[in-house]
Structure formats: structure tokens, C-alpha cells
Amino acid sequence: MPRRVIIWLASALLLSSCGGAPGPRATSPAPTASPAATASPAPTASAPASTATAHPRDTSRRGRGAADDINGDGRADLVVQVDAGGANPYRLAVLYGSRGGLDPGRRTLIPSGRLSSGLTDRGFRADLDGDGFGDLLAYGGAGEPDDRPGPRLFWGGPHGIDPAAPPAAFPLPAVGGAGYRAAAGDFDGDGAADVAMSSPPANLTVMYGPFSRQGVPARQTVQPSPTGEEFWRMAVDEIGGRHATGLLVYEGDDGEQTAGWLLEGGRGGLSAKGRRLNEGMAAAFGDFDGDGTRDVAVGDDGSRNDEPGYETEPPTVDSTLTVYYGGGRTRTFKGLQGAAVSGDFNGDGRDDLAFGGGYAGGRPVRLFWGAPGGLRPGTGITGLGPAAPLASGDYDGDGDDELVLAQTGRGFTVITADGRNILNRFTLPPS
């Protein structure tokens, strides 16, 4: 079954006020088509760009199999970011899968000195150089006070990520401005991982792999931002090895719910025209009805702008989950807020959805089960308590996905479940 995992900023579960990423407050433009993308050569670096034969590709592990498997043992691994306190509090922690699922005794802790920022988005896992090991795409500086933040690469290998190795920096596609947030996918469906990046003045740069170890892609394109403005949030479909992945580019926010513009993946890469979806900062992709086309669920994650006059959301957005099916139909569920994570938790070949937890983990988590007619509401997880969906993946290698949830408070507690019952629970210390 497909395996998926995301990276999560643990402190985001605790935020309850004006919370967006840094950047200008963007207005919501009318839905209009973006102009066509223009191709450009890959940026230069000290090493030449990769070619399809620069790194031998193991076709038996092509695509998703390597995307979430950092150490190449055939099981998904989990990356989380925990608050360790101090001047540079955020640290990356890699938990490795095993026959018994996620193993808290087998982990790699990347110190804050290796990555000085905790700012992250979704779409961090991909085998970017095609060597059969999943790599980690993060965002921040390399530990120096004057180091400019940007996309950083930690390379996977047979022993996982090396915490002593400094991350590689992507060559930036333009100079000046803010942004450079990045998300990994397979936007042209060729099996080689690609990277989408925000770039000034208001552009979307798509770098198509494979990549060299200096982060140089085989080719790249540049197209205007589908929102019409500079952006910094994205959500991306899972790398599956059998389909091109779509990309959601969000309008700017200051803590409120904003709309994502859906760009479809295809043989030539991401589409130039975007489709504006309902406002909602929670999103998850999957094939929820089993028809072979990709669907996307968009929901209210509970975050609000705390400035006077902006503290509420309209009824069409507040506590709303909207599912957009590949065939063109939609369905709406009401009364829910929180994070959204998809995965095939019961092994029936259709993706399921966990949604809830609220922005501070105070709302119940509800399961929606994939079915021929689309998602159908289920119940909660027995004995869960306050928690928020975090990620999913086949961490024990049994063929179906496990759901990972997080609890914060005294430490960072990781919970794995099969969609109905808790399988394991442990607290991750910061050091």
C-alpha cells in the first residue's frame, strides 16, 4: 500500500492566535488562470547538474518506496521537530521503522546548530538523488547567525541521516526577496523526485530531478504564482511512483484560513492554470473512492487571525471539511476542525482520512473511511484523548499504513494507531 509521511512543527499544535508564517498579508484575488510557465536552464553550481544516469536508480524501489524510507530497510521512517528550549530550540528527530513499528530507541537527533530555523512546510520527503534512500528537505540556516535561511538537504543512507554532516543548500533560482519555501513531489510522474519553490518576485519555480549532491536539478521551469501574490505555504500530494503529484499553493495569511490553488501534475509537469479551492489550511491527498484518480480534502485547521474584525470565519469555512474528487464532484462535512492526514489504514486499497484535533489538539479526531462512493464518516480512536493527526506510513512493513498522532505538554508524545485502536505510545525527549 502507498506510504506517506510528513514533517510537523511540534509547537504548531499549541498555537492559538495570529500565527502565519512571516511574509506580507496577501489579499484573495479573483480566480484567474495563470500565464503559461516558461522553461529555463537549471541554475549553475560548483558541480554540473545531474543527468538521468548520474545516480543509478533502483527501479524496484522507485518513487514512494524510497521517499519515506531514509535508511533503505523497506519500512517508512518518521521525521518530527521538537522544541528543546533555549535560543535555538527546534531540533529535527528521525524515528526509524522496525518490525514492531516506530522504534523510539532507534533515532537520529539533528542538533539546532545544523539547522537554525524551525520553519517547515509539508512535502519534505523524497529520494532526490535517486540512490534508493529517502532524503529530507527542510528550511532554515546552517547554524551561522548571518546565514540566510533557505531550503536545506539532509541525505539519507544505509544508516539513516548523519547528524554530523552539514546539510546541503539548494542553489536559489533568483536573488532578492523572501520566500524560497520548498516542497517535494513528482510533478511530471517520471519517478524522479522534483521540488517546487516560492521565488521572488511572485513566482513558482519547479526544479525537476534527479538532483546532484549540490542540489542542482536536471531542469527547471518558472511560472507566476497562481495566487497572484508572493506565497510561502504549500501542500503536496504523496510521491507514489505511479502518478504525477499535484500541488496546493496557498494565498498569504496572518493566521486565518485562506484558499489553496490546486495545480495538477502531468507528463509535462505542473499545470500553468490553478483551481481555487475552499479556504482551509488543512489538506490531504489520496484516492478516497478507489477509482484510480487523485482526490484532495481541504479543511479548517482551527487557526484564527486575532486582529479585531478578523477573528471569525464565514459559515462556508468555519469547521468545514470539503472533499474534491478527481471526477469533479465535491462533498462537504460540517462540525470539524484540525489537522488532516490520509493513509490506507485498513488495507482495502482505498485511502482513509483522519481529521481533527483542533489547532491546540483540543477537538476529537475523527476517521473517515474510503469507500466506492467516497469518504464515509467513522468514529474516533479508542482511548486517544487530546491529540492531533501528524503523519502516516507503513512503519512496520506489513503492507498497510499506520496513523501517527501527537500530544504535546510534558514532552512530545508520539502515538501510533490502526485507525480504530492505539498500537503504541511513547514520549520523545528533546535530547
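In this predicted model, let me begin with Asp-348 and Arg-350, whose side chains meet in a salt bridge at 3.6 Å, N to O. Asp-348 is partly exposed, with a relative accessible area of 32%, and Arg-350 is likewise partly exposed, at 24%.

Turning from that pair to a network, salt bridges that share partners join Asp-129, Asp-131 and Arg-213 into one network. Within it, Arg-213 forms a salt bridge with Asp-129, and the closest N and O atoms are 2.9 Å apart. Arg-213 sits in the loop between strand S11 (203-208) and strand S12 (219-224), whereas Asp-129 sits in the loop between strand S5 (125-126) and strand S6 (135-140), so the pair ties together parts that are 84 residues apart in sequence. As for accessibility, Arg-213 is partly exposed, with a relative accessible area of 36%, while Asp-129 counts as buried, at 1% relative accessibility.

A further pair to look at is Glu-251 and Arg-276, which form a salt bridge with the closest N and O atoms 3.0 Å apart. Here Glu-251 lies in the loop between strand S14 (247-250) and strand S15 (259-263), and Arg-276 lies in strand S16 (residues 275-279), so this pair ties together parts that are 25 residues apart in sequence. Glu-251 is buried, with a relative accessible area of 2%, and Arg-276 counts as partly exposed, at 27% relative accessibility. How many salt bridges are there by this rule? With a side-chain nitrogen of Lys or Arg required to lie within 4 Å of a carboxyl oxygen of Asp or Glu, the count comes to 13 salt bridges.

Let me now move to the strands. Four strands form an open sheet in the order S17-S18-S19-S20, and their pairing is antiparallel. Which strands stand at the edges of the sheet? They are strand S17 (282-286) and strand S20 (330-334), each of which has a single partner strand, so one side of each is left without a neighbour in the sheet. From one strand to the next, the twist averages 15°.

Looking inside this sheet, strand S18 (residues 295-299) and strand S19 (residues 320-324) run antiparallel and are joined by four bridges.

Terms used:
Residues are numbered from 1 along each chain as its sequence is written. This is a predicted model: local features need pLDDT of at least 70, side-chain atom pairs count only at pLDDT 80 or more; totals for chains, interfaces and linings use all residues. Side-chain values use heavy atoms; hydrogens and water are left out. Two strands pair if DSSP finds at least two bridges between them. Helices (H or I, at least four residues) and strands (E, at least two) are DSSP runs, numbered from the N terminus. Axes are lines fitted to C-alpha atoms, for helices over the stretch in contact, and angles run from 0 to 180 degrees between N-to-C directions. Buried means under 20% relative accessible area, exposed over 50%, partly exposed in between (1.4 Å probe, protein chains only).
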